[in-house]
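Please examine the sequence and the model shown below.

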Amino acid sequence: MNAKQLAGNRDFWAGIILISCLALLLFLVHLRKEFLAPQAQFELFAIFNKVDGITEGSVVRLSGTPVGQVSQMELDPYYRIKMTLSFPKPIALPDDTAAIIETNGLVGNKHIELVPGGNDKMLENGETIVYTQDVLLLDELLSRFLEWMRLKKGIVGTEPIKGEN
């Protein structure tokens, strides 16, 4: 074998080794993504009439501890909001769990608080939380309080407040 043939053979094998190394590197990167990718999320649904202050990404809490987030919100045919609550891992909640929209403090951020019930049957992935409580707005609270005060004789008269009919 002459020097020219030997050099051509070396270049050929160097190219084969380089391509093999690149293919192996791509395969390892793909495997790493598969192992590091989050597993399928656990999702539950909840339907509310009013969700003022809740957006996609809002926190879902259980006993005050963040356990998930609101991943999607859509309007259903009856003009209610159907929320998708996503959790990074399965969570054991009785099927009579309630989902309540709460506020941090008097005017803080709103979040979904899960209040577990007492049933033995647990919610499965993709099921809907049946018991929900809508957001309670400050002006609604004030209006209810004033109405309650009106009903109490002698505390606030029965005349309508200015601007009311």
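The points that follow are grouped by topic.

This is a predicted model, in which local features need pLDDT of at least 70, side-chain atom pairs count only at pLDDT 80 or more, and totals for chains, interfaces and linings use all residues. Residues are numbered from 1 along each chain as its sequence is written, and side-chain values use heavy atoms, with hydrogens and water left out.

**Chain overview**

- The chain contains two helices and eight strands; helices (H or I, at least four residues) and strands (E, at least two) are DSSP runs, numbered from the N terminus.
- Read from the N terminus, the order of elements is α-β-β-β-β-β-β-β-β-α.
- Of contacts (heavy atoms within 4.5 Å) between residues at least 6 apart in sequence, 59% join residues at least 24 apart.

**Surface and burial**

- The chain has an accessible surface of about 12,100 Å², and carbon and sulfur atoms account for 60% of that area; the areas come from the Shrake-Rupley method with a 1.4 Å probe.
- Of the 165 residues in the chain, 22% are buried, meaning under 20% relative accessible area (1.4 Å probe, protein chains only).

**Strand 1 and its partners**

- Strand 1 covers residues 42–48 and is largely enclosed by the rest of the structure, because five of its seven residues are buried.
- Strand 1 pairs with strand 4 (residues 81–87) in the antiparallel sense through seven bridges; two strands pair if DSSP finds at least two bridges between them.
- L44 has L85 of strand 4 as its bridge partner.
- Strand 7 (residues 128–129) runs parallel to strand 1 and is joined to it by two bridges.
- A46 has I129 of strand 7 as its bridge partner.

Terms used:
Buried means under 20% relative accessible area, exposed over 50%, partly exposed in between (1.4 Å probe, protein chains only).
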